[in-house]
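Dear colleague,

I am handing over the structure below, and I would ask you to keep it open beside this message while you read what was found in it. Please bear in mind throughout that this is a predicted model.

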Amino acid sequence: MTFDPSVVIPYLPAMGRGALVTIGLWLAGLLASILLGLAIAVGRLVGGKAINLALGTLVQVIRGTPFLIQLFLLYFGGPRIGLTLDELPAGLMALSLFGACYMSEVFRTGLRAIPRSHIEAAESVGMSRWQILRRITIPEMLVLVLPAGTNIAVGLIKETAVLSIISVPELTAVTSEIGSETYAFVEALTTLSLCYWALVEICSRAGRLLEQRLASFRFAA
Amino acid sequence: MRLPNPAVTASGLTKRFGTTEVLQKIDFSAPSGQVTCLIGPSGSGKSTLLRCIAMLEQPTEGTITIDGQPLGPWQDGIGPALSPARRRVMRAGIGVVFQQFNLWPHMTALGNVAEALRTVRRLPRAEAEARAIAQLGKVGLADRAGHYPSQLSGGQQQRVAIARALALEPKLMLFDEPTSSLDPELTGEVLNVMRGLAADGISMIVVSHEIGFVASVASHIVFLDHGRVVLSGPPREVFARPRHPRLTQFLETHVDVEASRLLQ
């Protein structure tokens, strides 16, 4: 059997559309992960014991089970509890919940790393608890956890491939079809890997660039 | 001695951390519009006393009165509940400068000083920043407004922290060892800013090991040891000879001998 990458050329426009869906899913999922992750982390910080326990259990369960199973449960099990979703919203929802649980753990450790004295300085000028959270603690934490957060963002790109299982028309689903039509599985999957790798590379570079831009925020010695 | 119109008084103030009694029935008074310095060896309770006045620490027993507003009385660590809003108003009237500066690293010098003007005073951004620039000018740092704390020297950071504490025009300024984490060549610029404030007649309570500064600027000195007030009064009385033996011991062991010789 020969390796002939030119087989995929006629399918490039289709792959491009798939890539756009992947990127769209990733960006939307990332944004939702950050917002929901922040809500979980802050909720656990200020919400008291019961809320902390409930959110902590949710995070443990999501982090302790395969994403594929979570997706199946939401998509196939959802209708039983009245949650009937199309492929795309179901995929996005599962991805966001998964990402949010990982993000929340990063945020939580970041929040704990903020020096108590920075919060005291804010209390001593009369800022309220909510103002301190919004203006001091969360922004300081976001700078602090940027490298770890980038890691999770990168992981999320690759996790989008799982959504092909419920036929979300993203990059992996499109490319598998090319494989089935032409039997050039190796060529199609190699191209697919290169696409993901390129996306991951762009994301980590963006993360590092942002880190450099924010270097001046880092804590003074 | 009785002081006219005190900015702060504390009576029977006790603070326990577990079984350690850091403050033991302190009676304390700081005159309004003047500089009161708290001196004493490490662990004498002077920083804890300052933190109680700054409302960052809750006393176990006793009462504090700040600018006529009573706090407490506390009994076994329990005192009258203060509404969060009332607490914030009182805190906004007290400027606090910390040993470690505690500037917010994600904000510029300007952002640090303007923050409370925007969030606590709710001034529009332009007005808050104009006032912040004016405050930075007072500490000689108007040209560093756009710098982040990590881009400033220790002395500059502490001057920004003073500008931040002054931004809300507090009636009382508290300094917790403001030069202790600075290199010797940087302490002067901070002490000079503090001298300027003292000359402006703002009420100040300063915890400091800079005996030269204390002797020249303080109008009232309180010497603490093991959580008790050993001596208090104007410098000429406190440093008068024959000197209290505990104070002599403190000056000899905790302070540069050269500096203590200046007081003779």
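In chain B there is an open sheet of 6 strands, which follow the order 6-7-8-3-9-10 with mixed pairing. Strand 6 (94-97) and strand 10 (228-233) of chain B stand at the edges, and because each has a single partner strand, one side of each is left without a neighbour in the sheet. From one strand to the next, the twist averages 15°.

Within this sheet, strand 3 (residues 35-39) and strand 9 (residues 220-225) of chain B pair in the parallel sense, over 4 bridges, and the bridge partner that Ile39(B) finds in strand 9 is Phe223(B).

Two helices of chain B can be followed next. Helix 5 (residues 154-166) packs on the sheet, where it touches strand 6 and strand 7 (172-176), and its direction makes about 170° with that of strand 6. Helix 6 (residues 184-200) also packs on the sheet, touching strand 3, strand 7 and strand 8 (203-207), with a direction that makes about 145° with that of strand 8.

The largest nonpolar core has 94 residues, and those with the most contacts inside it are Phe28(B), Ile162(B), Met173(B), Met204(B) and Ile205(B). Helix 6 of chain B contributes the largest share of this core, namely 7 residues. If residues up to four places away in sequence are not counted, Phe28(B) touches several others, including Val8(B), Leu38(B), Ile53(B), Ile205(B) and Val222(B).

With best wishes

Terms used: Residues numbered from 1 in each chain as written. Chains lettered and ligands numbered in written order. Predicted model: local features only at pLDDT ≥ 70, side-chain atom pairs only at ≥ 80, totals over all residues. Heavy atoms only, no water. Pairing = 2+ DSSP bridges. Axes fitted to C-alpha atoms, helices over the stretch in contact; angles between N-to-C directions. Contact = heavy atoms within 4.5 Å. Core = buried A, V, L, I, M, F, W, Y, C linked by side-chain atoms within 4.5 Å. Buried < 20%, exposed > 50% of the residue type's maximum accessible area, 1.4 Å probe, protein only.
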